[in-house]
Amino acid sequence: MVATSLQTLLRSAGPARCAAASKRTATATAARAISSSFAARQSSGLSAAAAAAAASRQAARRETRRTLCAAAATADAETFEYQAEVDRLMDLIVNSLYSNRDVFLRELVSNASDALDKIRLLAVQNADEYKTGADLEIRIRADKEAKTIVIEDTGVGLTKEELVATLGTIAKSGTAKFMEAMKEKQDANLIGQFGVGFYSAFLVADKVTVSTKSNKDDRQWQWESTAGAHSYTIREDAAADIARGTRITLHLKPDALEFADSNRLQSLIKQYSEFISFPIKLWSTSSNPQQVVDEEATRKAQEEADQKAKEEGKEAADPVAPVMKTEWKESQEWKVQNDNKPLWVRPPREVTKDEYDSFFKTTFREFVEPLGVAHFNVEGTIEFSSMLFVPGMAPFDQDRQMGKSRNIRLYVKRVFISDEFDEDLMPRYLSFIKGVVDSSDLPLNVSREILQENRVVRLIRKQLVKRSIDMVSEIAGREDKKDYEAFWESFGRYIKLGCIEDGDNREALAKLLRFPSSATAAEEGLTSLADYVARKKEGQTQIYYLAADTKAAAEASPYVEALTSKGYEVLYLVEPIDEVAVQNLQEFEGMKLADVSREDLELDDSEEDKKKLEAATEELKPLTDYMKKVLGDKVEKVSVTSRLTDSPAVVVASKFGWSANMERIMRAQALGDARAAEYMRGRRVMEVNPDHPIVQALKGKVELESREAREQVQLLFEAALLAGGFMIESPKDFAQRIYSLMASGSGSSPGASSSSGSGGDGSGSKAETIEPEVL
């Protein structure tokens, strides 16, 4: 009877009157419920079962009215065509904008946050906006049985016209329109909260229902569409159960049912939306322990007590204390998922060191405190906040990490976007820096292509590089040098790489370099270029350096003999990257950097030293010409030098091409180019020490042009090659010359074997006796 009357009313009145009737019916029902409850308390004759049955009948009548109202509203649903071909647009979203479908929740939560921001702004201008509710929050609920996810906010909501204007096309963004209106200082009436991000819902849902209510409209509206459809429907929502805001219901696809799990949603919220400024509440199931009486255990304890009392002659034992047990009772409740507030939005002076350390360890899964922190906010043409950290130690996979790191977490309006854009936000040599960047000027649907073409990203990158270098410089300038020693041990190679790749900041990076030096003992550690300049000799115009395998090898090298004996300091470059880094510097504070293993080394000699060298050169000209004739194309020339004190000769590299150290490194490359190696290998110059006895002895043998003299020149050249770090072309010939020298010293032929016969009469071929020469 009631259902028939309601059907007649609905057919005649339509959805609008249905809504009004529903409200009146709901009010009357509530009054009757209160009256019934009061009567129940007054009357002891009404049983609990009867009350439950009455409540069940009332619920059934309300459900009937809701169903009939929805049916009436369906009859008046309006169908709208999308402004663009939805199949192509959906394909664009799924395949181009989003690399994984987890981001649907991030997008919808971001939209909800925008809606809350907008109602808060409107309420500042007009407090009456909060009459429909002052609580600003986002609620998310998953239903495994219904295979749905419901995301609801108490934001600004939408009118019917706004639904058509914003959800009718993917190409519009309500937030973008809102920002444009604010910049033009026009009315802040909101156009809507949805744009491209809303349609990411179809990544996991085959049908999406949007119920929304705005303060600008007394009616609640429902928008609905399916994946792949070319149209959508809008109808008045007869339920009218939203005071203000929006409720999105996702009907999940069969292959997306994993998202109907509250634990899965919780992990997504923590990953992407942990720092949203409004509370995100998730309907969660939790198990709570409760202490209850264990009836069976209590009964057994009583029986044991009675038995013991009986054995003692007593009639019965006293009642034992009840035995308790723990039972876990499941309960469901709304739990806030984003209690953590982002540190980077707070003023740096308000954040303590412990908070920085805790954030660093938690966010980046580190267990050592950071060596340095840079916390800053940039305002002006662009706005972003950032916190950068220098880790306390290098990762175990440091070599692999330099190629591809995930140390910079990019946020847009506190929404986590990705940690895969390190190459776009930081140069390779700063890939060890960890931190977060939160920008308000980037789109949520950001991609690598967008980042590469975005002017905002270039400005952000420039600021990040500057702040990172400043942060490392601050560590280097501390009184406690142990901090920078720890940094250099872990990340020194990165700074050297920066000197190669970053020409704009090369001068600042040069101040951070550290090297072993001839002026510092092993226990004193490394020295900087600034310290070198401070210790330079009067009149010194160059910074001298030598590349070698180890510091010990560099100290024993013939290249530094004269320099160290005259009191000049030499930097030792003992890592493969060092030589290339220093060559890119070229100079530091007006002093050129000079490789002591190359020709034409300037030693700031006096006029007397220069004249002495010229005289020695003239005196030994026959010898140097003879040596060049013997060595041929192996050397570009043979000259007299003043760089040697203990060694008879040395082979140096020409001004251009690889040094001995670089040649050795390039030969070790697994995929080296042999043709390029031959081209880049510099011409070699042999320099002799005019005061050495071996050189003076050779000078007297030049005129003879004997085989002995030629062999000694070859041996001297190959020995100089090895002492200078070069590789000899024929180790076999070199060894044979050594054997010949040893044999001549012992008075036997290098090819003769000791006699195995018993007489030892000395018959047979006899080795030629050669007077030994000291080499």
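Reply: A residue counts as buried under 20% relative accessible area, as exposed over 50%, and as partly exposed in between. The structure we shall read with these cut-offs is a predicted model.

Me: How exposed is Lys361 on that scale, then?

Reply: Lys361 has a relative accessible area of 27%, so it falls in the partly exposed class. Glu369 belongs there as well, because its relative accessibility is 35%. The side chains of Glu369 and Lys361 meet in a salt bridge, with 2.8 Å from N to O.

Me: What is the general idea behind such a pair, and how many salt bridges does the model hold?

Reply: Side chains of opposite charge can pair when their charged atoms come close. In this model the count comes to 37 salt bridges. Some take part in a network, as with Asp102, Glu258 and Arg264, which are linked by salt bridges.

Me: Which parts of the chain does the pair of Arg535 and Glu569 link?

Reply: Start from the contact itself, a salt bridge between the side chains of Arg535 and Glu569 at 2.7 Å, N to O. Arg535 lies in helix α16 (residues 529-535), while Glu569 sits in the loop between α18 (561-565) and β16 (570-573), so that the pair links distant parts of the chain, 34 residues apart. The two ends fall in separate accessibility classes: Arg535, at 39%, is partly exposed, whereas Glu569, at 8%, is buried.

Me: Where do Glu687 and Arg643 lie, and are they buried or exposed?

Reply: Glu687 and Arg643 form a salt bridge whose closest N and O atoms are 2.9 Å apart. Since Glu687 lies in strand β21 (residues 684-688) and Arg643 in the loop between β19 (637-640) and β20 (649-653), the pair ties together parts that are 44 residues apart in sequence. Both Glu687 and Arg643 are buried.

Me: Turning to helices, how does the span of α8 agree with its number of residues?

Reply: An α-helix has 3.6 residues a turn, so residues three or four places apart point the same way. For its length, one takes 1.5 Å times one less than the number of residues. Helix α8 (residues 295-311) has 17 residues and should therefore span 24 Å, which agrees with the 24 Å between its end C-alpha atoms. Just after α8, Gly313 takes a positive phi of about 90 degrees.

Me: Which strands are joined to β6 by bridges, and is β6 mostly covered or exposed?

Reply: Strand β6 (residues 231-236) is mostly covered, five of its six residues being buried. Four bridges join β6 to strand β1 (residues 78-81), which is antiparallel to it, and four bridges likewise join β6 to the antiparallel strand β5 (residues 221-226). β5 and β6 form a hairpin with four residues between them, and Gly228 in the turn has a positive phi of about 85 degrees.

How values were computed
Residues are numbered from 1 along each chain as its sequence is written. This is a predicted model: local features need pLDDT of at least 70, side-chain atom pairs count only at pLDDT 80 or more; totals for chains, interfaces and linings use all residues. Side-chain values use heavy atoms; hydrogens and water are left out. A salt bridge is a side-chain nitrogen of Lys or Arg within 4 Å of a carboxyl oxygen of Asp or Glu. Buried means under 20% relative accessible area, exposed over 50%, partly exposed in between (1.4 Å probe, protein chains only). Helices (H or I, at least four residues) and strands (E, at least two) are DSSP runs, numbered from the N terminus. Two strands pair if DSSP finds at least two bridges between them.
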